[in-house]
Amino acid sequence: MKRFICIHGHFYQPPRENPWLETVEVQDSAQPYHDWNERITAECFGPNSSSRILNPEGRIIRIVNNYSKMSFNFGPTLLSWLESHSPQIYRAVLEADRESRRNFSGHGSALAQAYNHMILPLANLEDKKTQVLWGIRDFEYRYGRRPDGMWLPETAVDLETLDLLASLGLRFTLLSPYQAVRVRKLGERQWADVSNGKIDPLCAYRVTLPSGRSLALFFYDAPIARAVAFEHLLASGVNFAHRLLAAFSEKQDVSQLVNIATDGETYGHHHRHGDMALAYALYYIEQNKLARLTNYGEFLAMTPPSHQVEILESSSWSCAHGVERWRSNCGCKTGGKPDWNQEWRLPLRQAMDWLRDTVAPWFFNRAKQYLKDPWVARNEYIDIVLDRSAHVRDRFLHRHALRTLNSDQIGDVLKLMELQRHAMLMYTSCGWFFNDISGIETVQVLNYAGRVIQLAQELFGVSLEASFVSFLEKAKSNLGEQGNGRDIYQRTVKAKELDLKKVGAHFALSSVFQEYPERARIYCYTVHRADWHNYSMGTTRLVMGRAKVTSEITAESSQISFAVLYFGEHNLNCGVQEAQEEQSYQAMAAELRSVFGRADLPEMIRVFDDYFGSSKYTLTSLFRDEQRRIVDLILESRLRDAEAIYRQLYNQHAALMRLLVGLQIPLPRIFRVTSDFLFNRDLSAALAERPLNYEQVSFLLEEAGNRNISLDASELSYALKGNFDRMMEELALQPDNPLLLNELVKTSSLFQSLPFEVDIWHVQNLYYGMLKNIYPDFHARGARGDIAAQEWVAQFTLLGQQLSFEVEKAYQNFPDTKMVRS
């Protein structure tokens, strides 16, 4: 067959970690999820790892891993997050690459990506090298092989970048057809103009580079990619397949590759169930033998380039003006009001460039006191980023250090490397992509810049902040209340900035609400508790102690002593001192104990002031997620009190409310709010109970309908989903538990009558796994006359039907499986 199809998905999210904590903090704009990574994982990355193929009646006949049938790249920082927060999906991505090698003649479908999505034509040569090398090394660490190709962020390209890729052994990359200028057949002299998207995307091309090296380039089919991303082609998997097939040329009797590239988030996040349209299109093409699915590596091996191409330098796929979107007000944007502009992009770029270029020579001159070649060491620092264990750090130092370094010198080296890591993270492309400098993506790159400024202060004793924010002052927000870049930096970045003392304050404050072990991990810090005391008097508490706080990133540490006075509710007062002598600490502890024992609170506050001065912290000093957790604990008793008041009001007036509903008279607002709150509260609790009280749930649902209760679909769905997930997880571990299986069947029978949808994606995945791995044994035992096994098969089949499976067809679709009829 000479007709080949390759679909590429660029699966990416910008790094979102707080640079002082190395974790993604809660992002309210992603609700009901914790953050945007979690939300897009639920809507896209997860569904594509287990996508449904449906029969004409809408029942599941297969669950497939889309990644194994397509070409894809995942951003390295996103994969790092998935590894920690969604390991099942992370493993599915890696397994897809292994499976693709089996599907495509040994060529894996995963491509590497330049590390943190920096726009490479705007980067200096050292940053380009590190970004590409880190992308390659991260890929090798995760996939266990060398990458064949690399995705360039925003497909932004210049010859220097392509030459770098070729010099490092990469074979190809992907570009937009609008990034080609002219082509000619290899061995011929005549060029043909293919600018403005006129290049034929059905084959690979060779670009000859200034060094004499060459690289293969693929140009995706822009009209089909645009239809997928923006024109609702994913509304139908069959239509998607036919649109791909229609792109083949009947005039060419050679191997042809129809290929498209879009953001991976297109398949599920931007277009709900887009993953299923993709899965069905690939299934439809394969089942009907309409073309052969492939990936770029396999096609390149089978069909080497026959034409040479010249590219449009400093161009990209998402900016009609080249790479101006990342440094000027070019007009490219993603919405916003008509009078908005992006004049802020230039001063932001200037601020970052000034900061990078200021610290670079300082970095080199300090690092060369310890390291053989600071830039080579930076290129290999990715090994420590991937694994911060002591033996990896020691191996890195053994390779690069000029001599054996003491602990302070090692700390310097690690800080120098971190300074450079954040000086690259601050160039993540999303910082310039969107509408306004106050957006979360731009604030994120400002956070990374803030960490560079802090590290430079610690390493070189020079404050760069005033000069840096003077550039930002020229970056005006489109939202008047946001002010300019300087205002945003002071309001958001400075609030996040941490030192070891603030980490100690967090430990001290949170220890009022939880007792830490002697060695506790708080994000990327370790706290060794040396002494800890907790005294209570009514609702007032005194917590004090000593601890050693150590950064896992830079290895620096600090001894702290602390005391927290808690007056109940949100009233917390914490003091922290660094490097306090043992004798001074014991004197402080004795005086605080004495004053607290006398219940002399004014004197206690005076003693706090004497020992800690202005170095005091409150609830607002806690890291954001812990702050939310503690506020929830504080609110818990208050919410119980409020609920009791609502119940009293409802019970007193229940008969009157029933009468009003019966007479079709609208309830007064206070009665409406009371009824809605209590019914949702009771129904949510009932749906989360084990075992599920089906009669109670049915009664509450019926009463809610009769009384026109406004149900909170999100809360109720979440409660039942969690319960149902846990039941199915238990069955997967105890498949021969008939009571559990019956409970699942009964629970799933509720779904048809619910006035809200329940997400059963996880349950369906577990069911499909059991159908493949556990069902055959029970079915075989049933066929031999085992009555219990026959009953299990009947109940399991019924459960599958209620979960929207065509059970027999799904089972038959497993390789080497035939349904044995009882």
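# A guided tour of the predicted model

Begin by selecting R98 and E95, whose side chains meet in a salt bridge with an N to O distance of 3.0 Å. The model under view is a predicted one. Both residues belong to helix α3 (residues 87–103), and because they are three residues apart, about one helical turn separates them. R98 is partly exposed at a relative accessible area of 37%, and E95 is likewise partly exposed, at 29%. Across the structure there are 59 salt bridges.

Next, display helix α25 (residues 713–733), where D725 and K721 lie four residues apart, about one turn of the helix. D725 forms a salt bridge with K721, and the closest N and O atoms are 2.6 Å apart.

From D725, move to H762, which is in contact with Q88, D725 and E729 once its neighbours within four places in sequence are left aside. H762 lies in helix α27 (residues 761–773) and counts as buried, at 18% relative accessibility.

Turn now to the strands. In β7 (residues 172–175), F172 and L174 point one way while T173 and L175 point the other way, and all are buried. In a regular strand, side chains alternate between the two faces of the sheet. Strand β7 pairs with β11 (residues 214–219) in the parallel sense, over four bridges. To locate this pairing, select T173, which stands opposite L217 in β11.

For an antiparallel pair, select β2 (residues 51–54) and β3 (residues 60–64), which are joined by four bridges. L54 stands opposite I60 in β3. The two strands form a hairpin with five residues between them, and G58 in the turn has a positive phi of about 85°.

Several backbone features deserve a stop. Q31 and P32 are joined by a cis peptide bond with omega of about 10°; P32 is placed in the loop between β1 (3–11) and α1 (36–49). A cis peptide bond also joins R690 and P691, with omega of about -5°, and P691 is in the loop between α23 (669–688) and α24 (694–706).

Continue to N196, in the loop between β9 (192–193) and β10 (205–208). Although N196 is not a glycine, its phi is positive, at about 60°, and N196 is exposed, with a relative accessible area of 61%. Select D193 and K198 as well, for their side chains meet in a salt bridge (3.3 Å, N to O); K198 is partly exposed at 48%. Y523 also has a positive phi, near 55°, in a residue other than glycine. Y523 is found in the loop between β15 (519–522) and β16 (525–537) and counts as partly exposed, at 24% relative accessibility.

End the tour by selecting R137, E140, R146, E380, D383 and R399, which are linked in a network of salt bridges.

Definitions and conventions: Residues numbered from 1 in each chain as written. Predicted model: local features only at pLDDT ≥ 70, side-chain atom pairs only at ≥ 80, totals over all residues. Heavy atoms only, no water. Buried < 20%, exposed > 50% of the residue type's maximum accessible area, 1.4 Å probe, protein only. Pairing = 2+ DSSP bridges. Contact = heavy atoms within 4.5 Å. Salt bridge = Lys/Arg side-chain N within 4 Å of Asp/Glu carboxyl O.
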